[in-house]
Amino acid sequence: MTLAEARAALRAARRVAVLTGAGVSAESGIPTFRDALSGHWARFRPEDLASPDAYRRDPEMVWQWYAGRYRDVSRAQPNGAHHLLARLEREKGEGFFLATQNVDGLHVRAGSERLVELHGNLGTARCEVCGAVAPLPDPETFTPPPTCPVCSSRMRPNVVWFGEFLPQGALEAAAQAFGEADVALVIGTSGQVYPAAGLALETRRAGGTVIEVNPDETDLTPHMSCSVRDVASRGLAALMAER
């Protein structure tokens, strides 16, 4: 499928499902999870900071790491890709669905509403006892750990850690949206983290068009109808251009 054909398919689609990964946030200056392990944190492995076992061993250290990441993403701004996806949502209305693997909240800040955050959100915390989710205080004054506003228990970062399952409701909603989509967009993701990486295959199996936007080949490339080899903002701009 050519770029012109992909553009026409996206324009004609009544139902569009989108999966985004770290490549979308890279243009906002947000490093990938592993790239963020620099400076003081370079001596740690990801599982030392992002697993239930790590949190049980040293919740204070884990919270220091996540409080720093929360400050970083709070200072970042949505980029062109985030804004284009918010525009696409306005154009498609109820036929649009976005599933993101990112935890930075930039899609919401750009105006996206019909979305699920498959891996959680750095700007919120979840109670260890009652499960309540609440936004974190201002990043510049936040001192972890936060206290649950419902039961006053300690709260943990509201992100999915190694060894944990994705939120079942969010995953089911995403699987349904991709299974019903006329066109699926896979943007800025390596296609290596499942089950999220398998969502686009739901569209392909149902006979829909699957379009990848990524500067590099990925594990999903052989299954794509079309691959746009560019960064997220320029690739999306090319797909959404009038001509």
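# Briefing on a predicted structure

In helix H1, the residues Leu 3, Ala 6, Arg 7 and Leu 10 meet Ala 238, Leu 239 and Met 240 of helix H10. By class, this contact of H1 with H10 brings together six nonpolar residues, one charged residue and no polar ones.

**Helix H1 and what surrounds it**

- The axes of H1 and H10 cross at roughly 75 degrees and come within 8 Å of each other, which makes H1 roughly perpendicular to H10.
- Within helix H1, which spans residues 3-12, the buried residues are Ala 6, Arg 7, Ala 9 and Leu 10. Around the helix axis these residues cover an arc of only 160 degrees, and therefore they lie on the same side of H1.
- The buried residues of H1 are covered by several elements, among them strand S1 (16-20), helix H6 (80-92) and helix H10 (232-240). The cover also includes three further strands, namely S7 (183-187), S8 (209-213) and S9 (226-228).

**Salt bridges**

- The structure holds ten salt bridges, and some of them are described here one by one.
- Asp 72 counts as partly exposed, because its relative accessibility is 48%.
- Arg 75 also meets Glu 140 in a salt bridge between their side chains, at 3.3 Å from N to O. Arg 75 lies in helix H5, whereas Glu 140 lies in the loop between strand S5 (133-135) and strand S6 (155-159), so this pair ties together parts that are 65 residues apart in sequence.
- Through salt bridges that share partners, Asp 72, Arg 75 and Glu 140 are joined into one network.
- Another salt bridge is formed by Arg 234 with Asp 230, and the closest N and O atoms of this pair are 2.9 Å apart.

**The loop between S5 and S6**

- Pro 145 has its place in the loop between S5 and S6, and the peptide bond that leads from Pro 144 to Pro 145 is cis, with omega near 0 degrees.
- Ser 152 lies in the loop between S5 and S6 as well, and its phi is near 70 degrees, which is a positive value in a residue other than glycine. With a relative accessibility of 57%, Ser 152 counts as exposed.
- Asp 138 is placed in the loop between S5 and S6, where a relative accessible area of 44% makes it partly exposed. From C-alpha to C-alpha, Asp 138 and Ala 22 are 24 Å apart in space, while along the sequence they are 116 residues apart.

**Single residues and their contacts**

- Ala 67 is found in helix H5 and counts as buried, because its relative accessibility is 4%. Leaving out residues up to four places away in sequence, Ala 67 touches Phe 142 and Pro 144.
- The C-alpha atoms of Ala 67 and Pro 157 are separated by 8.9 Å, although the two residues are 90 residues apart along the chain.
- Gly 123 is found in strand S4, which runs over residues 120-127. Not counting residues up to four places away in sequence, Gly 123 touches Tyr 70, Ala 134, Pro 135 and Leu 136.
- Gly 123 and Pro 139 are 16 residues apart along the chain, and a distance of 8.7 Å separates their C-alpha atoms.
- Ser 51 has its place in the loop between helix H3 (46-49) and helix H4 (52-57), and at 8% relative accessibility Ser 51 counts as buried. Once its neighbours within four places in sequence are left aside, Ser 51 is in contact with Trp 161 and Phe 162.

Notes:
Residues are numbered from 1 along each chain as its sequence is written. This is a predicted model: local features need pLDDT of at least 70, side-chain atom pairs count only at pLDDT 80 or more; totals for chains, interfaces and linings use all residues. Side-chain values use heavy atoms; hydrogens and water are left out. A salt bridge is a side-chain nitrogen of Lys or Arg within 4 Å of a carboxyl oxygen of Asp or Glu. Buried means under 20% relative accessible area, exposed over 50%, partly exposed in between (1.4 Å probe, protein chains only). Helices (H or I, at least four residues) and strands (E, at least two) are DSSP runs, numbered from the N terminus. The arc is that of the directions from the helix axis to the C-beta atoms. Contact means heavy atoms within 4.5 Å. Axes are lines fitted to C-alpha atoms, for helices over the stretch in contact, and angles run from 0 to 180 degrees between N-to-C directions. Angles under 35 degrees count as roughly parallel, over 145 as roughly antiparallel, 65 to 115 as roughly perpendicular and the rest as oblique. Ala, Val, Leu, Ile, Met, Phe, Trp, Tyr, Cys and Pro count as nonpolar, Asp, Glu, Lys and Arg as charged, and the others, Gly among them, as polar.
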